[in-house]
Amino acid sequence: MGDMNMDRRTFVEAMGALGALSLAGASLGAHPTVAVAAETAFPEPGTGKPIEARIDPKTGDVTVNEDVIVRYSGCVGCYSSCGNRVKLDRATGRVLGVGGNPYNPACAYPYLNHEEPLEEAYRSMSYANGKGNMLHGTVCGRGNGTLDAVSQPDRITVPLKRAGKRGEGKWKPIGWDQLIKEVTEGGKLFADIGEDRDIEGFKALCDTSTPMNPEQPDLGPVSNQLVMLGGRADGRGAFSSRFAASFGTLNQYGHVSSCAGANGAGSLLQESVNTMMPDPEEAEYALWFGGFPGASGINFQSSAKRTTKNLAAGKLKIDVIDPTLANGAVTPTMPGINWVPIKPATNGAFASALTRSIIDGNRHNARFLAFPNQEAAVAGGYASHTNASYLVIVDEEHPNYRKLMRAADAGIEAPEVKDKAGKPVEQYVVVDESTGEPALHSQCSQGVLEYEGEVNGVKVRTGFLLLKETVSAYTMDEYADITGISVDELERIAKEYTSHGVKTSIWANGGSCIAVNGLDASMGTVVLRALIGSNQMTGGNVPYSMTPVAMGNGARYKLNDIEGKPDVSAKNATAIARTGKAWEGMAEYANRVAAGEKAPKPTLPWYPNAPLSDAQTLMSIVNRYPYQAKILTTWMNNVLQATPGAMRDEVIDRFKDPAYVPLHIACDLVIGEGTQYADYVVPDVSQYESFGIPQVGTAFTGYGSTVRWQVKEPESIQLDDGRHASWEAFLADVAKACELPGWGEGAIKDVDGKAWPLDDAVDYYLKAVANLAYGETPVEDISPEEARLQGLDELPPAFADAVSAEEWPKVQSVLSRGGRYWPMSFIFGDDGRSRWYEDNYRAFVYSEKRALAKNCYSGERLPGTLHYRPQTFSDLSPMTERFSTDEFPFTASEHKPRFRSVSMLANSPIMRDLCDHNYIEINEEDAAALGIADGDAVKITNPIGDVSTGEAMVRAGQVKGAFSSSFGYGHRAYGAQDVEVDGTLTKGNPAIAAGVYVTTMLDPTVTTDGVLGIIADNDASCPGRSGGMFKIEKA
């Protein structure tokens, strides 16, 4: 073989030019445009799948293969909500392959404008005529693996009914009408297999006037005992929410608590227009917790493409704070990006250390922090404000101790001020910097940042002073010991962070915020942004995935409105997750006090400021507390595996016990961990057959939405009326059987008052697409040529019938691009601010809600400012007081795998071939001390005796004192178990069960007297996924 003189860059570019001229849906590498010589000869394609189109290398002319349809849609290969391009055989409708959507910002950088013709989308995938750009239109391995996963023979396509005990794996097919009748009517549904239980159906539970417990009416009506556990945020959740609202239950859950962790407790952190996300295109420095650009974290494609160009050009620096070195943009060849290993569950200490260093070094933006209202901040050149200068009552004898001072406390007469919605605005008190006198925050342009004294005879301090106090509770040396990051490194990061004005971005997500002390990681990012004034500033942090209203009351349809909706809300009902209400305010507490108990303690913790939590819902279900879930629906959901510590026999035995869950209906494509314990299984549609309007997952700061739509005919059973079985068809039919408002004829009204039916997914989602199509300014009608090119003129009649004749060509236009995204320039406002800077954004340097919340076991209140709190149990007692760090010295973290999608894709042979199992990843020094070599079998034990075993991976890219594993392995179902349908047995595949699922300990302060409780954050209720206590031994 001759000498290889071609360098890697030239080789890849040449191969890209060679391969791009015949488009087969394959993605190309991240390389610049290549001009193809006119005389270049290209071979004819040989065997394989048919190409989509040819691009003439001389003229750039596009010749489309008429036998192939390319449709742009949305991917559900993971949680990123990217786009995709689905290549279909025109004659059969079979999916031939999947690629990336060049109109979608999660797939392409830069992405095509919506107005660019479909022909340009073909051209953009080639390098002909100088066309093409950096990684235009890619989809990752998960996106490709999903096609393999949903094509497996174990896919559920017909309704199934349990034919044995729950969990035995025995099922029988039933008809759709029988399914709807049985689950709505109830009765002795399993008498044929010897079960004599009378089961309440949906109709029996559809009672919004009778209290489920007359002695505790605040729990809500009978209808609130319907619990709906959903999964991923794939743009279908609004349909479930509509059903829950019309049925009269608060208990409709997604996966926020298990995924976003403490970030979901936004009311404790800020008063804002939206979550603030980093702006990597314009930032000069970025600090990432719990996510690697181009690797872990949501939307690694987009985050990589939006950072690597500026990193390579020297315009951007990034520090990634994470226990484990992933991959992506953090490589030896990528300049400007640095991995900083940190011990799990210490991100709050890291944020506190930076805050202390910044304040001690006087590097904070005191002028910005002193703006007490949005108008003053905008006049001062910024786009947000804080409550750092607000006065806090610190007089322990005062009835409003720990509260922010109001006008009445200060003896100030306050005029009534209302917000845009007409609600009264609280009037807080600051000390006016110009007069030195107390003033209303709304009537002052600058407050005194460091004030301590009395106002109207009441002792007060500013929130900023309280922050200084709590972050100074530890020295920098102590913070270094806690986090594993040296003082020099902490000081370097603090200095870098404050050296770029507002062009510094910060982001915390994933495991950094999912710990028993996760809220301080989330709060740390809010405080650090406040210290430099970067909120809503270009190059800082800007609102996340803003979009016109689609699945709500939008430009064309009022999808939120339900005429006759029952009056069930948090005012008269309680979420089964025990969130949003304080224990001391519950009727159960009052009843027990009235019966003579002193300071009664609840069975499970209550979280007055937390969002709805899927993990806490699971634990409420298996404890039948605060009430029983009479009907449970699980849809595309694996809460058992997703809740740390829950996939254990004690929890599962109750979850599958009819005495705990009388009726369980699952909707899924496969028999997963939770689905295997259901009574009925409703077949669902795959990502190529379903509708949804998701936002691009995290790290995207543009404007618009992805649209996933039915690009192929569903493989689930077709019903007599032409619909296909799906989650939406099931909910619609149950709703109509129960005569719920907002379903069937006349359910949805458009902006002109015309009533439209709601019987299936198309009736809802295509109206949402119309809202998107008419948002801001309406899109142009699709041309007949483009409609024919994608076969949009041959879609089922129900599609066009779902909207008006005027709207249909515009809806087709949005479908043809797989969504609608505006150019990135749309988000820019004036003077370096985001477009939405006039909307109120107040960062809470002092969180009043947090300061007032009382732990329901110990009665302790935590500070309202950022601070580090070591890992604790539910009563706020330190873990290390109960268990020894000498015996259990290790903490743990998890990260997203490349070849799984959290709990999905284990049934894909392709994904298993790429990586058949995960590892216990251990630091080199730790492994040497333990006598563990790479590839050894190791045993992980937690303090209550749970043991997990796996294969060791000894590596330098793991923080010392902790181990990690990639999530999504160690399945108990999903094809790992035997399944018998109608007498035909399919043996389980052990390969699907391969790998390790690390079992986190249950909370020993709660898990007593038959109660089962997980470790969780005191404020946010999120489970303790990161941290814990473990020992590692060679197996």
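How much area is buried between domain 3 and domain 4? I looked this up before anything else. The area is about 1900 Å², and carbon and sulfur atoms give 58% of that. Buried area here is the accessible area (1.4 Å probe) that two parts lose on being put together, summed over both.

Notes on the source. I am reading a predicted model, in which local features need pLDDT of at least 70 and side-chain atom pairs count only at pLDDT 80 or more, while totals for chains, interfaces and linings use all residues. Residues are numbered from 1 along each chain as its sequence is written, and side-chain values use heavy atoms, with hydrogens and water left out.

Entry: domains. I noted four domains: domain 1 (48-151 + 780-821), domain 2 (160-266 + 550-704), domain 3 (276-543 + 839-848) and domain 4 (870-1034). The bounds come from an automatic or database domain assignment. For domain 3 and domain 4, I found the centres, taken over C-alpha atoms, 32 Å apart. Their contact (heavy atoms within 4.5 Å) takes 24 residues from domain 3 and 30 residues from domain 4. On the domain 3 side, Pro344, Ile514 and Val516 lose the most area to domain 4, together 33% of what that side buries. I then looked for charged pairs and found zero salt bridges between domain 3 and domain 4; such a bridge would need a side-chain nitrogen of Lys or Arg within 4 Å of a carboxyl oxygen of Asp or Glu. Nine residue pairs, both at pLDDT 80 or more, are in polar contact across this interface. A polar contact is a pair of N or O atoms within 3.5 Å; within protein, one must be able to donate a hydrogen and the other to accept it, and residues adjacent in sequence count only if both atoms are side-chain atoms.

Entry: threonine 386. I found this residue in strand E16 (residues 385-386); strands (E, at least two residues) and helices (H or I, at least four) are DSSP runs, numbered from the N terminus. Is threonine 386 buried or exposed? Threonine 386 is buried, at a relative accessible area of 0%. The cut-offs are under 20% for buried, over 50% for exposed and partly exposed in between (1.4 Å probe, protein chains only). A polar atom of its side chain lies 3.1 Å from the backbone oxygen of leucine 369, and the side chain also reaches the backbone nitrogen of alanine 388 at 3.0 Å. Leaving out residues up to four places away in sequence, I listed what threonine 386 touches, including Phe368, Pro372 and Arg842.

Entry: threonine 706. This residue is in strand E28 (residues 704-706) and is buried, with a relative accessible area of 0%. Its side chain makes a polar contact of 2.8 Å with the side chain of asparagine 104.

Entry: helix H21. I counted nine of the 11 residues of H21 (residues 727-737) as buried, among them Trp727, Phe730 and Val734. At the start of H21, a side-chain oxygen of serine 726 comes to within 3.4 Å of the backbone nitrogen of glutamate 728. Glutamate 739 follows H21 and has a positive phi, near 55°.

Entry: strands. I traced an open sheet of three strands in the order E24-E29-E30, with antiparallel pairing; two strands pair if DSSP finds at least two bridges between them. Strand E24 (557-558) and strand E30 (755-758) are at the edges with a single partner strand each, so one side of each has no neighbour in the sheet. Glycine 744 stands opposite leucine 758 in E30. Elsewhere, I found E20 (residues 452-455) and E21 (residues 458-462) paired antiparallel over four bridges.
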